[in-house]
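I opened this notebook to record, entry by entry, what I looked up and what turned up.

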Amino acid sequence: QVQLVESGGGLVQPGGSLRLSCAASGIIFSIYAMGWYRQAPGKQRELVATITKGGSTNYADSVKGRFTISRDNAKNTVYLQMNSLKPDDTAVYFCNVVVVNDYWGQGTQVTVSS
């Protein structure tokens with residue numbers, strides 16, 4: 001059974017940083033691409049960043065230069081380092097993997113506010 005568990009969200013002031021983690025189980029983690037998505041109130045879920053099994057990364061234009069996705073295959077964990085956070089980054093952040101079907105974590109809330 002595939003399980004994804006996110007952690008690391010919270011309240012941060014504009015300009016601050018957070019590091020999100022997503023621990024995966026039930027899959028051979030190292031052979032799958034992983035993704036981070038977010039959903040703000042009243043908006044559709046959107047792609048934030050992806051990382052392939054080989055470590056190639058892709059980012060939404062809105063986070064390029066501020067966010068970094070990485071993975072630790074030994075820990076079955078994918079990370080999202082978020083710097084220079086803005087109020088527009090406020091959202092629930094979800095981890096995603098596609099193993100025939102889409103699998104999602106429960107999400108972690110990120111609130112950027114002074």
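I took a disulfide to be a pair of cysteine sulfur atoms within 2.5 Å. The model is predicted, and I kept local features only at pLDDT of at least 70 and side-chain atom pairs only at pLDDT 80 or more, while totals for chains, interfaces and linings use all residues. Residues are numbered from 1 along each chain as its sequence is written, and side-chain values use heavy atoms, with hydrogens and water left out.

I searched the whole structure and found one disulfide, which joins Cys22 and Cys95 with their sulfur atoms 2.1 Å apart. I noted -85° about the S-S bond, a left-handed link between Cys22 and Cys95. Cys22 sits in strand β3 (residues 18-25) and Cys95 in strand β9 (residues 91-99), so the pair ties together parts 73 residues apart in sequence; helices (H or I, at least four residues) and strands (E, at least two) are DSSP runs, numbered from the N terminus. I checked burial next, where buried means under 20% relative accessible area, exposed over 50%, and partly exposed in between (1.4 Å probe, protein chains only). Cys22 is buried at 0%, and Cys95 is buried at 0%.

I then followed β9 to strand β10 (residues 101-104), with which it pairs in the antiparallel sense over four bridges; pairing requires that DSSP finds at least two bridges between two strands. The two form a hairpin with one residue between them, Val100, whose phi is positive at about 70°.

I also looked up Ser84, in the loop between β8 and β9. Ser84 is not a glycine, yet has a positive phi of about 50°, and is partly exposed at 40% relative accessible area.
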